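Student: I'm new to this one and would like a close look at a single spot. Could you start there and then show me around?

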Amino acid sequence: CKKKAASVQHFNLDVLALPIFKQEESNLPPESENKILPFQYVLCAATSPAVKLHDETLTYLNQGQSYEIRMLDNRKMGELPEIDGKMVKSIIRVVFHDRRLQYTEHQQLEGWRWNRPGDRILDLDIPMSVGVVDPRANPTQLNTVEFLWDPSKRTSVFIQVHCISTEFTMRKHGGEKGVPFRIQIDTFKENEAGEYTEHLHSASCQFKVFKPKGADRKQKTDREKMEKRAPQEKEKYQSSYETTILTECSPWPEVTYVNNSPSPSFNSSHNSLFCPFSLPPNKQNLLPTATPQEAQQWLHRNRFSPFCRLFSNFSGADLLKLTREDVIQICGPADGIRLFNALKGRVVRPRLTIYVCQESQQQTREQHQKHENGDGSVYHAIYLDELTAVELTEKLAQLFSISPRQISQIFKQGPTGIHVLVSDEMIQNFQDETCFVLDTMKAETNDGYHIILK
């Protein structure tokens with residue numbers, strides 16, 4: 001391909017500094033930019049012409065449209081002979097590009113799941129794909145698909161992305177730009193135990209998703225803007241290429257989210273806290289991934305036992321797809337409306353979200369992460385619905401696994417470092433999303449902890 005050399009795409013240094021895509025110098029030496037990688041992945045979608053020369057490329061996709069990714073064997077003669085005649089496994093993920101959304105990825109994806117029951121963020125278009133063996137999509141991982149393929153044979157996988165970039169944008173004033181995503185592909189070979197766990201290669205690219213035909217309009221707009229620029233200005237921007245070559249990156253870390261893990265103890269020695277983000281607990285909601293047995297249990301718990309036999313073979317997704325008219329016809333007006341409301345229950349958006357981090361944790365991480373951009377601390381999300389000081393006290397106590405009675409006072413650090421007692425009115429004047437560093441001290445009279453929000 002004549003354009004191949006010209007279309008080699010490099011990561012912006014800012015992107016490399018992100019914790020998820022970070023690549024240490026020891027992992028990627030300078031000469032790695034010119035080395036031939038064992039595999040190459042080509043997304044058949046045009047890059048935007050409105051990207052500056054040394055920035056990472058940006059590609060626009062239409063929601064739900066099938067796009068081809070060509071899986072190319074790029075090995076030299078004799079390289080990786082152990083995979084000759086064997087299958088390799090590739091995992092494709094759609095993930096967030098922005099640091100802020102990376103830290104809350106689990107929360108964001110769970111919120112999307114509740115708003116779009118039964119839908120997936122990423123799907124494979126199996127009928128159009130070529131050379132794909134044993135394709136799988138884990139129902140609990142909406143943004144991930146995996147499959148086996150033979151590098152010696154032609155392989156093209158077609159993907160569909162069903163979310164759009166503006167679904168994850170904070171809507172405060174209207175007209176916000178959509179957030180960028182990443183497509184990342186990780187490829188593994190088989191080990192002696194027959195498991196595909198030995199990493200071979202990873203690559204990714206940046207993209208945005210628009211409503212159907214929106215990507216075409218955006219591409220046209222960018223092209224028209226570039227045509228109006230002076231020749232000297234045009235030289236500062238990349239050319240648009242018909243395809244997007246995914247660029248080498250670090251393998252995706254395996255992260256396990258455990259919502260029911262006990263919280264660390266809280267004491268005056270400022271323990272560092274590390275726990276995954278999670279949505280406010282709502283055990284009454286039925287998940288689309290629920291099996292028929294789990295759906296039966298949900299019906300029992302929510303006092304719909306008389307209808308368990310009728311829905312004995314229904315999974316969570318089956319029940320959630322029922323319309324209001326369907327449920328009323330099956331269960332009658334009174335129970336039908338009650339069941340429909342229970343099925344369509346959503347995680348209620350909190351009126352206020354506060355992100356908190358302990359002071360010692362922030363100081364420790366700053367010492368070890370001075371080379372990274374941004375804070376780098378791990379924050380914990382606290383969701384408030386009533387916007388009262390009592391509610392904030394209860395949520396902080398829950399986070400630290402202590403009794404609310406052990407927290408005697410909560411202060412906010414004000415001008416010149418003064419401590420202002422947190423009241424209901426103060427909480428109601430916080431922004432929709434607020435971040436604090438917590439400082440705690442044991443009261444001299446042993447009447448509990450004093451918490452200072454800095």
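Predicted model: local features only at pLDDT ≥ 70, side-chain atom pairs only at ≥ 80, totals over all residues.

Is Cys249 buried or exposed, and at what relative accessibility?

Tutor: Cys249 counts as buried, because its relative accessibility is 7%, and buried means under 20% relative accessible area (exposed is over 50%, partly exposed lies in between, with a 1.4 Å probe and protein chains only). Residues are numbered from 1 along each chain as its sequence is written, and side-chain values use heavy atoms, leaving out hydrogens and water.

Back to the cysteines. The structure holds zero disulfides, a disulfide being a pair of cysteine sulfur atoms within 2.5 Å. Cys249 is in none, and the nearest cysteine sulfur, on Cys205, sits 9.9 Å away. Cys357 is buried too, at 0% relative accessible area. Then there's Cys308, buried at 6% relative accessibility. You'll find Cys308 in the loop between α6 (292-301) and α7 (316-320); helices (H or I, at least four residues) and strands (E, at least two) are DSSP runs, numbered from the N terminus. Leaving aside residues up to four places away in sequence, Cys308 touches Gln296, Leu299 and His300, where contact means heavy atoms within 4.5 Å. Cys308 and Ala295 are 13 residues apart in sequence, and their C-alpha atoms are 8.8 Å apart in space.

Now for the wider view. The chain has 12 helices and 18 strands, and 46% of its 454 residues count as buried. Of the contacts between residues at least 6 apart in sequence, 71% join residues at least 24 apart.

Five strands form an open sheet in the order β5-β8-β3-β1-β11, with antiparallel pairing. β5 (122-124) and β11 (244-245) are at the edges with a single partner strand each, so one side of each has no neighbour in the sheet. Two strands pair if DSSP finds at least two bridges between them; β5 and β8 (residues 155-161) have three, in the antiparallel sense. Leu122 has Val161 in β8 as its bridge partner.

Ser156 is buried at 3% relative accessibility, and its side chain makes a polar contact of 2.6 Å with that of Glu68. (A polar contact is a pair of N or O atoms within 3.5 Å; within protein, one must be able to donate a hydrogen and the other to accept it, and residues adjacent in sequence count only if both atoms are side-chain atoms.) Beyond its sequence neighbours up to four places away, Ser156 touches several residues, among them Ile69, Ser129 and Val132.

Last stop, further along the chain. Helix α11 (residues 389-399) has buried residues including Leu392, Leu396 and Leu399, and just after α11, Ser401 takes a positive phi of about 55°. Strand β15 (residues 407-413) runs parallel to β18 (residues 449-453), joined by five bridges, with Ile410 partnered by Ile451 in β18. β15 is also joined to β16 (residues 419-421) by three bridges, this time antiparallel, and Gln413 stands opposite His419. β15 and β16 form a hairpin with five residues between them, and Thr416 in the turn has a positive phi of about 60°.
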